[in-house]
Amino acid sequence: MKVLVVEDERKIASLIRKDLEARGFVVDLSHHGDEGYLYATTRPYDVVVLDIMLPGRDGLSILRNLRERGMDVPVLLLTARSELNERLEGLNLGADDYLTKPFYVEELSARIQALGRRGSGSPRSLLKVADLSLNLLTREVLRGDTRIELTNREFVLLESLMRSPGRVFTRAQILDQVWSSDFDPGSNLVDVYVQRLRKKVDGDSADRLIETVRGVGYRVRGPGG
Ligand code: CA
């Protein structure tokens, strides 16, 4: 599988390359938006990873230009926590997935692998687990036909869990993804939010989708569960 990574932070870029190459991917790296765009339009890739803030052409305009040229290669955007509008714009422009910095390289590799397997043409803006669906574009969350109103944090928490159904997230991992790593891991913030989320998502339903794995953490029920 051939991957293009356009990321101007050299340290991050080389970490990404190292991890991807260790998994057998062939990786082209570019630190500049104009060069990255040139690569993306002239060489065949299975997946393209674009940072948003780049010298030269930025990630969103690269994406826009690719789609305008009818190129539907799967694109994953790397976004900063603060770039919520850019993220939404990216999904609107046809990005297939995004990852918020800081992230685990392993997580990025797993996402790239999934995108490569799936091929182009089915954006991942809708996450579904059983009768629960979460739309990244409209931010609408439905359980069956019932609309669920979530706060921003609750939304991000549910999104994190729903991206990997069946996978158990520790409290530290959830803290890291939904807040930032500088929160005291001893606090019960995560538990409080999960309870709140569970109340809204599962309510009195006997069919509970948000599960507690005792002594480990939380997960959304997996495909086999
Ligand atoms: Ca950047």
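**Notes on a predicted model**

At 12% relative accessibility, Ser 133 counts as buried; buried means under 20% relative accessible area, exposed means over 50%, and partly exposed is what lies in between, with a 1.4 Å probe and protein chains only. Before I go on, this is a predicted model, in which local features need pLDDT of at least 70 and side-chain atom pairs count only at pLDDT 80 or more, while totals for chains, interfaces and linings use all residues. Residues are numbered from 1 along each chain as its sequence is written, and side-chain values use heavy atoms, with hydrogens and water left out.

Back to Ser 133. The residue sits in strand β7. Helices (H or I, at least four residues) and strands (E, at least two) are DSSP runs, numbered from the N terminus. Which residues does Ser 133 touch, leaving aside its neighbours within four places in sequence? They are Leu 126, Leu 127, Lys 128, Glu 140, Val 141, Leu 142 and Met 162, where contact means heavy atoms within 4.5 Å.

Next, the sheet around that serine. Strand β7 belongs to an open sheet of four strands, in the order β6-β7-β8-β9, with antiparallel pairing. Two strands pair if DSSP finds at least two bridges between them. At the edges stand β6 (126-129) and β9 (146-148), each with a single partner strand, so one side of each has no neighbour in the sheet. From one strand to the next, the twist averages 20°. Between β6 and β7 (residues 132-135) there are four bridges, and the two run antiparallel. Val 129 is opposite Leu 132 in β7.

Most residues other than glycine have a negative phi, and most peptide bonds are trans. Ala 130, in the loop between β6 and β7, has a positive phi of about 50° although it is not a glycine. At 48% relative accessibility, Ala 130 is partly exposed. Arg 139 lies in the loop between β7 and β8, and its phi is near 60°, again positive in a residue other than glycine. Arg 139 is partly exposed too, with a relative accessible area of 27%.

Now the helix on that sheet. Helix α6 lies across β6, β7 and β8 (141-143), and runs at about 115° to β7. Axes are lines fitted to C-alpha atoms, for helices over the stretch in contact, and angles run from 0 to 180 degrees between N-to-C directions. The axes of α6 (residues 152-163) and α8 (residues 189-201) come within 10 Å and cross at roughly 85°. That makes α6 roughly perpendicular to α8; the classes are roughly parallel under 35 degrees, roughly antiparallel over 145, roughly perpendicular from 65 to 115, and oblique for the rest. On the α6 side the contact involves Arg 153, Glu 154, Leu 157 and Leu 158, and on the α8 side Tyr 193, Val 194, Arg 196, Leu 197, Lys 200 and Val 201. By class, this contact has six nonpolar, no polar and four charged residues. Ala, Val, Leu, Ile, Met, Phe, Trp, Tyr, Cys and Pro count as nonpolar, Asp, Glu, Lys and Arg as charged, and the others, Gly among them, as polar.

On to the metal. What coordinates the calcium ion? The donors come from Asp 8 (OD), Asp 51 (OD) and Met 53 (O), at 2.1 to 2.3 Å. Along the chain they follow the spacing D-x42-D-x1-M. Asp 8 is in the loop between β1 (2-6) and α1 (10-22), and Asp 51 is in strand β3 (residues 47-51), so the pair ties together parts that are 43 residues apart in sequence. A caution on the donor count: donors are N, O and S atoms within 2.8 Å of the metal (3.2 Å for Na, K and Ca), and water is not among the atoms, so sites may look incomplete. Asp 8 is partly exposed at 28% relative accessibility, whereas Asp 51 is buried at 5%.

Strand β1 pairs with β2: five bridges join them, and they run parallel. Strand β2 (residues 26-30) is mostly covered, with four of its five residues buried.

Last, a peptide bond. From Lys 101 to Pro 102 the bond is cis, with omega near -5°. Pro 102 is in the loop between β5 (97-101) and α5 (105-118).

That is the end of the tour.
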